[in-house]
Amino acid sequence: MTAQDGTQADDRTVELRHTAELDGATRRALRALLADAFDGDFSDEDWEHAVGGVHVLVRVDGRIVGHAAVVQRRLLHGGRALRAGYVEGVAVAADQRGRGIGAALMGRAEDVVRAAYDLGALSAAPTAKAFYAARGWRPWRGTTGVLGRHGVTPTPEDDDGLHVLAVAELLDLQGELACDPRPGDAW
């Protein structure tokens, strides 16, 4: 099988789709995959964070077995607003793990980030930090926060999970990084 964009690996296809191109059945399949992959800890707010951008889908025999989304966020760093490709909803079906699907997902997501954004960012689960680090994502060593009406509100609970992928310039990884506000998890 070959995807519309022509990529193929073994018996799997890798597709790149904007949220607007996902039909109802595909959206339902993605929600089910994410709920299973996150052991039921994937809320409606988490889903909202993952839509409105580009989705990387991996299918095996037509079944969606992997997902990652890249959505645009504005991050404030060093007094500058940066356009970030924020990676959300990275998941691989339990029966497909260890087969390179995560690497295929992230490879395409990173291509999107490098082509369209100043940097990439994501919040990594403790069990995934080594995976992202091996791909060149660097842990944020500084502080994190949410930009609001009265300035930046620190989010120290997120300081150790944020990872960035520098694209256009080097970042001061010891500095402050603030995100736009949103319902649910800030990062």
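1. Pro139 is partly exposed, because its relative accessible area is 22%. The cut-offs are these: buried is under 20% relative accessible area, exposed is over 50%, and partly exposed is in between, with a 1.4 Å probe and protein chains only. Pro139 sits in strand 7, residues 138-139. Strands are DSSP runs of E with at least two residues, helices are runs of H or I with at least four, and both are numbered from the N terminus.

2. This is a predicted model, in which local features need pLDDT of at least 70, side-chain atom pairs count only at pLDDT 80 or more, and totals for chains, interfaces and linings use all residues. Residues are numbered from 1 along each chain as its sequence is written, and side-chain values use heavy atoms, with hydrogens and water left out.

3. What does Pro139 touch, leaving aside its neighbours within four places in sequence? The contacts are Leu162, His163 and Leu173. Contact here means heavy atoms within 4.5 Å. Val56 is 83 residues from Pro139 in sequence, and their C-alpha atoms are 23 Å apart in space.

4. Now the whole chain. The secondary structure comes to four helices and eleven strands. The radius of gyration is 16 Å, which agrees with the value near 16 Å that a compact globule of 187 residues would have. That radius is taken over C-alpha atoms, and the globule rule is 2.2 Å times the number of residues to the power 0.38. Along the principal axes, the C-alpha atoms fill a box of roughly 50 × 30 × 30 Å.

5. Burial and contacts come next. Of the 187 residues, 47% count as buried. Take the contacts between residues at least 6 apart in sequence: 67% of these join residues at least 24 apart. The chain exposes about 9300 Å², and carbon and sulfur atoms supply 49% of that area. Accessible areas come from the Shrake-Rupley method with a 1.4 Å probe; for residues, only the protein chains shown count as cover.

6. The largest pocket holds about 1000 Å³ of space. A pocket is an open set of points on a 1 Å grid over the protein atoms alone, where a 1.4 Å probe fits, with protein on both sides within 12 Å along at least five of seven lines. Its volume is the space filled by probe spheres set on the points, which are joined across faces, edges and corners.

7. Which residues lie nearest the centre of the largest pocket? They are Phe38, Val90, Ser123, Ala125 and Tyr132, out of 35 lining residues. Lining residues have an atom within 4 Å of a point. Strand 5 gives the largest share, seven residues. Among the other elements that each supply at least two are helix 3 (101-116) and helix 4 (129-134). By class, the lining has 17 nonpolar, nine polar and nine charged residues. Ala, Val, Leu, Ile, Met, Phe, Trp, Tyr, Cys and Pro count as nonpolar; Asp, Glu, Lys and Arg as charged; the others, Gly among them, as polar.

8. Thr19 lies in the loop between strand 2 (12-18) and helix 1 (24-37). Thr19 counts as buried because its relative accessibility is 8%. Not counting residues up to four places away in sequence, Thr19 touches Arg27, Val51, Gly52, Gly53 and His55.

9. Two aspartates deserve a look. Asp39 is not a glycine, yet has a positive phi of about 50°. Asp39 is in the loop between helix 1 and helix 2, and is exposed at 72% relative accessible area. Asp61 also has a positive phi of about 50°. The loop between strand 3 (54-60) and strand 4 (63-77) holds Asp61, which is exposed at 63%.
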